[in-house]
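The following paragraphs lead through the structure step by step, beginning with a single residue and widening to the whole chain. Please keep the sequence and the coordinates at hand while reading.

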Amino acid sequence: MPDYNALISFLLKPLLTYPEALRVDFESNSKSDRVWIRVAFNPEDRGRVFGKGGRTIQAVRTVVMTAAQEFGHSARFEVFDPTPNATSDDYQDRSSENQERQQFQIERPRINVEKPKRRETIN
């Protein structure tokens, strides 16, 4: 069985500003043919780990899945968020601010402008 903890640490620690915050949780079923791997890290490192469009974390996921397949395992790789409600609270704060702004918007007068008339061409 591959050492998933060492593999993930090898792949992710160079990307992290706070490598000591990296946590890898590994579980397998009784037959050891299915593997669940959960990774957690400091929320400030989220952008570095996920990369542009999620490409970095997808590459890590691909390496881990390939290693699992080599040993005949079915792997599931998840990123665990240690602060799951932080982003939703921020979203709620921003949406309430937007609602307040919409209440105080000033109505602007509408200006009617005539469209230019089309010239007729004579053949």
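Predicted model: local features only at pLDDT ≥ 70, side-chain atom pairs only at ≥ 80, totals over all residues.

In which element does V39 lie? V39 belongs to strand 2. Once residues up to four places away in sequence are set aside, V39 touches I8, L12, L22, R23, F77, E78, V79 and F80. One of these, I8, is 31 residues from V39 in sequence, and the C-alpha atoms of the two are 8.5 Å apart in space.

The chain contains 4 helices and 3 strands, and along the sequence they follow the pattern α-β-β-α-α-β-α. Of the 123 residues, 18% are buried. The accessible surface of the chain comes to about 10,300 Å², and carbon and sulfur atoms account for 48% of that surface. Among contacts between residues at least 6 apart in sequence, 56% join residues at least 24 apart.

The strands may be taken next. Strands of a sheet pair through backbone hydrogen bonds, and the pairing is either parallel or antiparallel. In this model, strand 1 (residues 23-28) and strand 2 run antiparallel and are joined by 6 bridges. Within this pair, S28 has V35 of strand 2 as its bridge partner. The two strands form a hairpin with 5 residues between them, and S32, in the turn, has a positive phi of about 60 degrees. Strand 2 is also joined to strand 3 by 6 bridges, but here the strands run parallel. Along this second pairing, the bridge partner of R34 in strand 3 is S74, while R38 stands opposite E78 of strand 3.

Taken together, the 3 strands make an open sheet in the order 1-2-3, with mixed pairing. Strand 1 and strand 3 stand at the edges with a single partner strand each, so one side of each has no neighbour in the sheet. On average, and with direction ignored, neighbouring strands of this sheet are turned by 15 degrees against each other.

Which strands does helix 1 lie across? Helix 1 lies across strand 1, strand 2 and strand 3, and runs at about 40 degrees to strand 2. Helix 3 also packs on the sheet, where it touches strand 2 and strand 3; the direction of helix 3 makes about 155 degrees with that of strand 3.

S9 lies in helix 1 and is buried, because its relative accessible area of 18% is under 20%. Apart from neighbours within four places in sequence, S9 is in contact with P14 and L22. L7 lies in helix 1 as well. L7, at 22% relative accessibility, counts as partly exposed. Leaving aside neighbours within four places in sequence, the contacts of L7 are with V63, V64 and A67. The C-alpha atoms of L7 and V63 are separated by 8.9 Å, although the two residues are 56 apart along the chain.

Helix 3 itself can now be considered. Its 16 residues (residues 55-70) should span 22 Å at 1.5 Å a residue, and the C-alpha atoms at its ends are 23 Å apart, which agrees. Which residues of helix 3 are buried? They are I57, V60, V64 and A68. Around the axis these residues cover an arc of only 75 degrees, which puts them on the same side of helix 3. An α-helix has 3.6 residues a turn, so residues three or four places apart point the same way. The other side of helix 3 carries R55, Q69 and E70, which are exposed.

The buried residues of helix 3 pack against helix 1 (4-12), strand 2 (34-40), helix 2 (46-50) and strand 3 (74-79). After helix 3 comes G72, whose phi is positive, near 75 degrees.

Helix 1 lies across strand 2, and helix 3 touches strand 2.

Note on methods
Residues numbered from 1 in each chain as written. Heavy atoms only, no water. Buried < 20%, exposed > 50% of the residue type's maximum accessible area, 1.4 Å probe, protein only. Contact = heavy atoms within 4.5 Å. Areas by Shrake-Rupley, 256 points an atom, 1.4 Å probe, with all protein chains shown as cover. Expected span 1.5 Å × (residues − 1). Arc of directions from axis to C-beta. Pairing = 2+ DSSP bridges. Axes fitted to C-alpha atoms, helices over the stretch in contact; angles between N-to-C directions.
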